[in-house]
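Have the sequence and the 3D view open, and we'll go from one corner to the next.

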Amino acid sequence: TKQEEELIQLNQRLKEMKQEIEEIKRKITLAEEEVKEREQNLEKKDKTFTDMQLAYHQQKSKLDSMKNMAERYDGYGNSIKKVMEMREAYPGLIGVVADIMKVDKKYETAIETALGGNIQNIVTEDEETAKRVIEQLKKNKWGRATFLPLKSVKPRSLSQKEKVLKEEGVIGTADTLAEAKEKYQPLLSYLLGACVVVKHIDHGIALSKKYGYTLRIVTLEGENFIPGGAISGGAFKNASNLLGRKREIEETEKRVKEMFLSMDKLHFEIKEEKEEREEILGELEEKKKELQDQSLFHNTTFHNVTKTNEKLKEAKEVFQELQKEKEELKKQGEEIEENKKEMEEELRQSEEQEKKMESQVQEWDSQMDNWRKEETNKREQVSSLEMEIAALNQKKEFQKQNEDRVEHGRKKLEKEEKEMLQSIEILSLEQSKRTREISEMEEEVEKTTLFCREGEQQLKGKIQGKEECQIKQKEFFQQREELADRKASLEKEVFRLNSQKERMEETSENNRNYMWEEYEITFHKAAEMRKKELTDLNFIKKEILTVKDVIKKLGDVNVNAIEDYKNLLERYEFLKGQRDDLVTAEEALRTIIDELDKEMRLQFQEKFKEIQREFDQVFKELFGGGKGTLELMEEDILEAGIRITAQPPGKKLQNMMQLSGGEKALAAIALLFAIQNLKPSPFCLLDEIEAALDENNVGRFAKYLHKLTTHTQFIVITHRRGTMEKADRLYGITMQEKGVSTLVSVDFIDKELEN
């Protein structure tokens with residue numbers, strides 16, 4: 001009853017513990033899911049951090065490269081670089097024009113167009129510094145440079161500025177769109193004060209026409225309107241970007257700082273995430289430990305329940321077995337009394353049979369002696385036969401070389417040998433038969449002896465049966481106690497083994513965590529990498545020592561290797577990008593060259609035909625008739641020479657080299673005027689080109705020259721009267737006194753107006 005009550009309590013406790021274990025398992029599952037989610041978040045953030053780090057290093061490398069370019073003054077001329085290297089030696093040397101100003105990105109193209117070549121001018125404090133630097137340039141043959149001393153440079157202003165600034169599309173003068181320190185404002189005004197910035201090329205064209213092509217105008221896209229009517233423009237390619245370099249460096253520095261702050265923030269978030277994950281893992285370990293304790297306690301309770309059930313069942317079975325043993329012992333006592341009488345009768349009969357068997361055994365012994373003597377004789381005969389066989393074999397070997405001579409004797413001996421072997425086999429069979437008969441007789445004697453002994457032993461056994469049963473009963477109780485003790489020891493051993501198993505599982509879990517934290521590899525992944533042939537532990541330990549020794553010989557680990565690799569990779573990618581840009585630029589330039597080549601051929605061919613026609617007309621007008629032609633000497637028009645053929649009136653068609661000096665000069669003048677007619681230039685300077693002409697030809701030359709003054713202003717240096725008579729103004733230099741030149745001028749236009 002007591003055991004049944006204890007069993008009910010243990011079952012109740014077991015049920016409660018099962019519920020607690022299920023609750024702990026549920027909490028462990030939730031914690032593991034949360035850890036998994038944290039791991040995924042960490043993995044994403046680590047990847048983001050790695051990408052940000054890569055982008056940061058790329059921008060940092062780009063910034064360093066830009067700073068290096070700025071410090072080396074890449075994009076400037078060699079003379080500018082050499083001068084800026086001497087900055088420390090000359091305190092009055094300030095820098096280049098691009099360094100003293102700051103321009104908004106949308107105005108950079110316009111301001112750089114407005115500055116033109118002035119962007120590479122060097123700013124100094126005074127003329128003395130410029131003088132000293134120029135001496136160094138001359139001394140070292142570094143080239144030329146333009147200097148802008150602050151003390152001597154005077155500001156420029158735009159005429160009609162207020163009126164111009166009110167025009168449509170005008171943004172302002174270029175100096176107002178650039179920022180500089182107050183001391184550099186006069187220089188800024190000098191460089192950009194007379195330049196107007198407009199929004200679009202249409203505004204520039206309208207403004208230039210309105211003010212008679214007297215304004216310097218630039219557009220936001222880089223078109224340049226030069227006073228006098230010229231316009232420059234097109235695709236603005238500026239790889240060096242001298243004006244925007246400082247802005248790009250500042251923007252890149254700002255971007256690098258922002259990226260660094262973002263990285264730092266993300267790194268802090270990752271650190272917090274890891275700390276939270278470690279806290280959850282700690283709680284998870286505590287829950288697992290609690291689960292192990294509850295499982296151990298549950299197993300102990302379950303074991304106690306099982307043990308109590310077994311004790312209850314065992315007590316009932318022992319009681320029943322004792323009842324059965326009591327009845328069996330009573331029956332065994334009655335059977336022992338009956339068996340005692342039967343055994344006495346059997347003993348008497350056995351003694352009589354033993355006497356008969358002894359007499360028969362004596363007869364068999366005498367017969368056995370006879371068989372043994374006969375067997376000895378047979379064995380002697382067999383031995384002699386064996387010796388004879390050996391002798392014959394030896395003789396056979398000795399006489400092998402005389403085989404032909406003794407063949408008949410050998411066959412006879414073989415026949416005798418077979419007969420002897422057959423007789424030996426017959427004797428052996430007879431001997432084995434005799435041996436079996438003797439063995440059967442001996443077995444019968446042994447059986448009779450054993451039968452007598454068994455009868456005696458059975459008698460003694462029956463007498464001792466009762467005592468043995470009593471002893472067995474005592475031994476049974478002792479054995480039961482021993483089994484109970486052994487069971488208890490086995491339970492302790494099971495408990496110890498379970499504890500050891502849990503410790504091993506904990507160690508295994510720690511090892512798995514170590515593998516993941518140290519090498520970022522799971523147990524299954526490591527198991528896949530396991531090599532089956534590595535079974536020798538001593539060999540593996542030696543191999544580990546060898547590898548460690550090799551690692552030691554490698555020296556200290558460079559902890560910055562990954563960072564160095566990233567920096568090198570970034571630099572490589574940056575340089576590779578520049579190289580690809582250069583290759584792309586080269587291909588683009590080749591394409592442009594091919595296009596220009598085609599365009600040049602087309603334009604040259606068109607213009608050459610026009611010059612051919614114009615040359616013939618001018619030639620006829622200057623020579624008063626005749627014929628002048630131009631011809632290409634080869635098929636490739638860009639590489640071909642030009643043959644000039646002249647036929648003055650009244651002469652054969654001949655090469656220009658066969659003409660007189662005057663004719664050559666007049667033919668050359670005809671070619672010059674033909675080109676001038678097609679594309680008049682604003683002004684032209686002629687230096688005694690008509691010196692070889694006679695008076696008539698000089699008159700024709702002067703007359704035709706005066707005709708060209710409609711579109712071109714000519715300055716002519718001459719000593720010929722005919723040319724002077726056709727001029728509008730004359731300027732002469734006389735030296736009435738030695739070393740003193742005097743200018744004399746005559747204005748024929750004013751004289752004609754007076755007339």
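Leaving aside neighbours within four places in sequence, which residues is T742 in contact with? The answer is G732, I733 and T734. Keep in mind that this is a predicted model. T742 sits in strand β17, which covers residues 740–747. The C-alpha atoms of T742 and G732 are 8.3 Å apart, and ten residues separate the two along the chain. With a relative accessibility of 34%, T742 counts as partly exposed.

**The overall picture**

Let's zoom out. The protein has 755 residues, and 25% of them are buried. Its secondary structure comes to 17 helices and 17 strands. If you take the contacts between residues at least 6 apart in sequence, 66% of them join residues at least 24 apart.

**Cores**

Now for the inside. The largest nonpolar core has 39 residues, and the ones that touch the most other members are M101, I111, L115, L187 and L192. Take L187: not counting residues up to four places away in sequence, L187 touches I100, V123, L148, L150 and V153. There is also a second, separate core of 26 residues, with F619, L659, A674 and V698 among them.

**Aromatic pairs**

How many aromatic pairs does the structure hold? It holds five. One of them is F673 with Y704, a stacked pair at 5.5 Å centre to centre and 20 degrees between the planes. F673 belongs to helix α14 (residues 661–678) and Y704 to helix α15 (residues 695–707), so this pair ties together parts that are 31 residues apart in sequence.

**The largest pocket**

On to the open space. The largest pocket has a volume of about 1,100 Å³. Its lining is made up of 26 residues, and those nearest the centre are V35, E39, R277, N513 and W516. Which helix gives the largest share of that lining? That would be α1, with nine residues. The elements that each supply at least two lining residues are α1 (2–72), α9 (245–398), α10 (407–519) and α11 (523–529).

**Two residues with positive phi**

Finally, some backbone detail. Y213 has a phi near 55 degrees, a positive value in a residue other than glycine. E688 also has a positive phi, of about 55 degrees, and is not a glycine either. Y213 is placed in the loop between α8 (201–210) and β8 (216–219), while E688 lies in the loop between β14 (683–687) and α15.

| Residue | Relative accessibility | Class |
|---|---|---|
| T742 | 34% | partly exposed |
| Y213 | 36% | partly exposed |
| E688 | 34% | partly exposed |

Why does Y213 count as partly exposed? Its relative accessibility is 36%, and the partly exposed class lies between the buried cut-off of under 20% and the exposed cut-off of over 50%.

Conventions:
Residues are numbered from 1 along each chain as its sequence is written. This is a predicted model: local features need pLDDT of at least 70, side-chain atom pairs count only at pLDDT 80 or more; totals for chains, interfaces and linings use all residues. Side-chain values use heavy atoms; hydrogens and water are left out. Rings of Phe, Tyr and Trp (its six-membered ring) pair if their centres lie within 6.5 Å; planes under 30 degrees apart count as stacked, over 60 as edge-to-face and the rest as tilted. Helices (H or I, at least four residues) and strands (E, at least two) are DSSP runs, numbered from the N terminus. A nonpolar core is a set of buried Ala, Val, Leu, Ile, Met, Phe, Trp, Tyr and Cys residues joined through side-chain atoms within 4.5 Å. Buried means under 20% relative accessible area, exposed over 50%, partly exposed in between (1.4 Å probe, protein chains only). Contact means heavy atoms within 4.5 Å. On a 1 Å grid over the protein atoms alone, a cavity is a set of points where a 1.4 Å probe fits but cannot get out, and a pocket is an open set with protein on both sides within 12 Å along at least five of seven lines; lining residues have an atom within 4 Å of a point. Grid points are joined across faces, edges and corners, and a volume is the space filled by probe spheres set on the points.
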